[in-house]
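Me: I'd like to learn how to read a model like this one, feature by feature. Could you walk me through it?

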Amino acid sequence: MVNATINGRAVSVPEGTTIMEAAAQVGITIPKLCYLKDINEIGACRVCAVEVEGIDQLVTSCNHEVEEGMVIHTSSPKARKARKTNVQLILSQHRMNCPICLRNGTCTLQEIAGNMGILSVPYPEECEKYNWDSSFPIIRDASKCIKCMRCVNICERVQTLGVWEVINTGYRTTIHVKDNQPIAESNCAACGQCVTHCPVGALTVRKDGNAVFEALDDPEITTVVQIAPAVRVAFCESLGLPQEAVTTGQLVAALKQIGFDYVFDTNFGADLTIMEEGSELLERLSHREKYQWPMFTSCCPGWVRFLRSEYPDMVGQLSTAKSPQQMFGAVAKTYFAEKIGVSPDKLCVVSIMPCSAKKYECSVSCMTADGSTPDVDFVMITREIMRFVKMAYIHVEDLPDLPFDNPLGSGTGAAVIFGASGGVMEAALRSAYFLLMGKNIEPEAFKEVRGLTDRRELEVDVAGNKLRCAVVSSLGEARKLIEDVRAGRCEYDFVEVMACPGGCAGGGGQPIKDGEERAAQRAAGLYRLDKGSALRYSHENPDVRTLYKEFLGSPMSHKAHELLHTDQSQWD
Amino acid sequence: MSRLEIKKSDAVQKSVERMYEVLERRMIAGAIDSCPADFHLGFLKMCHAQTCGKCTTCRIGLRQLQNLLTDVLENRATVETLDLIRDTAKSIYESADCAIGYEAARMVYHGVTECYDDYVRYIENGGYVDATKISVPCVDACPADVDIPGYVALVGEGRYEDAVRLIRKDNPFPTTCAYVCEHPCERKCRRRIIDSPINIRGLKRAAVDYAAKTPAEKCAPSTGKKVAVIGGGPSGLSAAYYLSLMGHKVTVFEEKPKLGGMLRYGIPSYRFPREKLQEDIDVILSLGVEVRRNTKVGKDITIQALILQYDAVYIAIGAQVDKKMGIEGEDAKNVISAVDLLDKIGHDEFPDFTGENVVILGGGNVAMDCARSAVRLGAARTTIVYRRRQEDMPALPAEVESAIAEGVEIKSLMVPLRIEKDENGAVKALWAKPQMISRCDRKGRPSPKDSSKPEVAIPCDRVIVAIGQNIDYKHFESSGIEVKRGVIDALDDGMIRDKEGVFAGGDCVTGPATVIRAIEGGKVAAANIDSFLGFNHMISCDVEIPAGHVRNRIPCGRVSLVEREACERRCDFEGVELGMSEEEAAQEASRCLRCDYYGYGSLKGGRTTQW
């Protein structure tokens, strides 16, 4: 243990503890801007500088360890002054249009400047200008970038894509796409992790709200909205409320108030995905020699983009099943449109997703059941729909619970856990067991696959069929797994990959709270919802059964293939 | 009012002067990977601040050049802008009134011309995409990429064995380099910006001085592959070390009775004690390297046979043949080559020069080694004859100083003409033509030219020729290995064109160079031979490196290594250099600014943990 004094209080911390961590242990907060634990500990912003007696210059508390006998002052005049100057310098190159910034209220720079009582900046404003392809799901506004380098390191170290790079030197040093390519031509997976880890409004997700408003306002258009599983356990954060304080039913009510004609559930699409993907897996297993192994899940468009750019030779190993969002869209524009007698081009399908890459997925040109309109017209991320709610001054917490509409509004517990890393695997195994054994297994029999990013492996033996399964989340972990498979160090039959750490619960479209990783607590909420569901097996979803009976025939039928499967190698 | 007054500089002048001094040091330590356009602009701005403003060329010309460079940097320029920059700079150079103007313009002209492709790339990419690749200047300057900040920090904590282990990750000759490395790392040391570079070699010396015996790392399981290494010098043995760690079976073919190459047969023991060399060699051999001593490839066995018998071959034969002056009388008795003299000493044969006047020709480190050896062999008078000035000598200034302290005389600006023989055919005198220093060559190095002074005779009993070495490549050339300009023509990865599985490196590829360059060659070859054999063994080190701390920014003198007193050390071949005390080593290590931990190093991790 190392002993030191921070602001007059004695602290004793294990060797290797940083000044910032030690201060936090005794309840002392040191402001910080660029720091991201384990990912970006580079002392770039110089905002966490503190005074250490005996050292002339200030010391950044994020990357300096407490040493024996240190006397530290986190808030001395010298530290406060330098810190304030540094924040003012950062502000001088940050376009301060706070009221109209997407990060108004969740911006760390705004919060710090406020806490420091900065009411003016003595330096001339000097903001970087840059052109950006505003059609891509990830938007960078250079005039707000504070060069904290978090995006560089999250992309490099967690996602191993290294899309963001430092370019230029001296005062021109800035961040841009590697080799200064246009973002659309880069290997960006559009996962949005850089966005959720940006402390300011420099990185955002493309806004599609205006187009949705137009559809809502158009009396000739019937609007349909679907809510992804992970959204229901996270939207409360935008309201500053705990998970239990608001229900999915209240969100349904809010969406009705906003004016959507039909509010449906992506869980329906998820149950359908299990039917198709599970059947596909069993089909591949029965003709093992015809396929490359393992088979990968295909629900996550960030992961599909990653595989396409990094391991194009393995794209054929993805399940051909579309994601729940896209299956939902295809069914909505055909089966449902027919049912209500609306032409697909008069039906606007909107998704509420925890994910920026879904904006890419819905725009893939082959995702069209009627051959002309996209199956999903617009994707709004969790943060985006919550802005809608605020704009309409809706108090979600005071609304009554409303049920989802029929028939695409039903979903099982197996579907809701799609939002957590391991959920697709668990749901698939629950139904695969049934398909092979003709009876249900206890629903939580495969709960070992739950977790965050670390690889989880499970070998199951169903009626003599040995299935070697693995689950990872984050593209860095995905890369490790692939490298192990390619080098022959591991062999699997079925692998679930989600691009974001923790799965959709930690998605790039979820509410942002700087310094907190909330995937685990959101996932806990999803498992709570699963436990409370009357139905916990995808194959028991009554409306999915009806869909097969009335429209599709059986899983993997010709029609199902046409509507619910895709060839990812053809994606644009 | 007095008619004249003594000139004094006022406080402002002193302040500016001090800043110039710091600037000079800062420029040496400058980041060579910074954007050239940005750097040229900065240079111009500083030059412009020096101008008086009298003339059009400086006042307006240098300003407009800045505007044009800014256009490039802010993506408003086209390739035509570059031509305008060059044309303008040329005009300014040709028509400016004083050096402040025309030299600024000349540098910009050359800068833009030499970096033209970079400029074009900047314009095409809309930015400098190659920026900040160099995170740690010392590591970048080290040919072998040794983790310098890492081992410096370990020495600072007294973890000497860990320091040695960390060095060995990239360089299996820690002791050797502690004594004789030319330490290119120190030149770019960022500490220079504050005061002076870290004594990196001195700290490595402390690591090996105070470390307990540190065994080699464990070898990977045997791969069953066999590699032949030709030459037991630093390059060959480096390759042997890493290839053994990777699990390959290595056999070293050495023509001499003992290993070490030029470390033994080129560097005299007072500079590098033999038992210290043996320490490094023993660790390398402890990995099970097989050695065939007294076996010359080309005589005792052919390269073709090795290619057939082994899975890969690494040629590291060094540069062991002396160069001749080509002057009259060079065949006289008592004219010997540096290679011969140092080779003898390496074999522990000490010729007796007692009472002789000895002349050494050359100005490199080898010339210094010969001169200082001659002193120790009893020469009455030892004189180095060199064609340029003392400050132009390629030898390290410290080596020259030590030689002078030991009584070596330097006759500079003398070109040897002929050697006069006595009636027995022995050396009587060296005739030389006095020179004067003159114009600089294209690299900016002043050249000598004949002066009008008459030829002079330098009476002497012995002449040692130390003007460089050649490579004995005949056997290899005749076996189909390409030779270009006197060196083996290997690619940058050590491979030889059209000779699958044959690699070369070290002096025989680079020409006579430094130990650390030879080690680099061995390391590069080991990595690529491993890949060639179908493996991907990684060399790494599990030593944990201490975190950075900030108590190191107060200006503090550099601890220099001292030598034994000249009058004492000149009489024997015992080691001359004394290491640091632990106390000194701890202070010197604490001066390190930890560029692996601060600055760009922290963004990119600061180190390569494996290769």
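Reply: Helices (H or I, at least four residues) and strands (E, at least two) are DSSP runs, numbered from the N terminus. Residues are numbered from 1 along each chain as its sequence is written, and chains are lettered from A and ligands numbered from 1 in the order in which they are written. This is a predicted model, where local features need pLDDT of at least 70, side-chain atom pairs count only at pLDDT 80 or more, and totals for chains, interfaces and linings use all residues.

Me: Why is helix α4 of chain A largely enclosed by the rest of the structure?

Reply: Burial is a neighbour count: a residue is buried if 20 or more other C-beta atoms lie within 10 Å of its own, exposed if 12 or fewer, and partly exposed in between, with C-beta atoms placed from the backbone. In α4(A), residues 150-158, eight of the nine residues are buried, so the helix is largely enclosed. Among them are A:R150, A:N153 and A:E156.

Me: What do the buried residues of α4(A) pack against?

Reply: Contact here means C-beta atoms, placed from the backbone, within 7 Å. The partners are β7 (164-167), β8 (174-177), α5 (193-196), β9 (203-205) and α16 (475-486) of chain A.

Me: How do strands β1 and β2 of chain A pair?

Reply: Two strands pair if DSSP finds at least two bridges between them. Here β1(A), residues 2-6, and β2(A), residues 9-13, run antiparallel over five bridges, with A:A4 opposite A:V11.

Me: How far does helix α21 of chain B reach from its first C-alpha to its last?

Reply: The expected span is 1.5 Å times one less than the number of residues. α21(B), residues 515-532, has 18 residues and reaches 25 Å, close to the expected 26 Å. This helix is mostly covered, with 16 of its 18 residues buried. Just after α21(B), B:G534 takes a positive phi of about 95°.

Me: How many residues does each chain bring to the contact?

Reply: Chain B gives 19 residues and chain A gives 19. On the chain B side, nine are nonpolar, seven polar and three charged. (Ala, Val, Leu, Ile, Met, Phe, Trp, Tyr, Cys and Pro count as nonpolar, Asp, Glu, Lys and Arg as charged, and the others, Gly among them, as polar.) The predictor gives the complex an ipTM of 0.75 and a pTM of 0.84.

Methods
Two residues are in contact if their C-beta atoms, placed from the backbone, lie within 7 Å.
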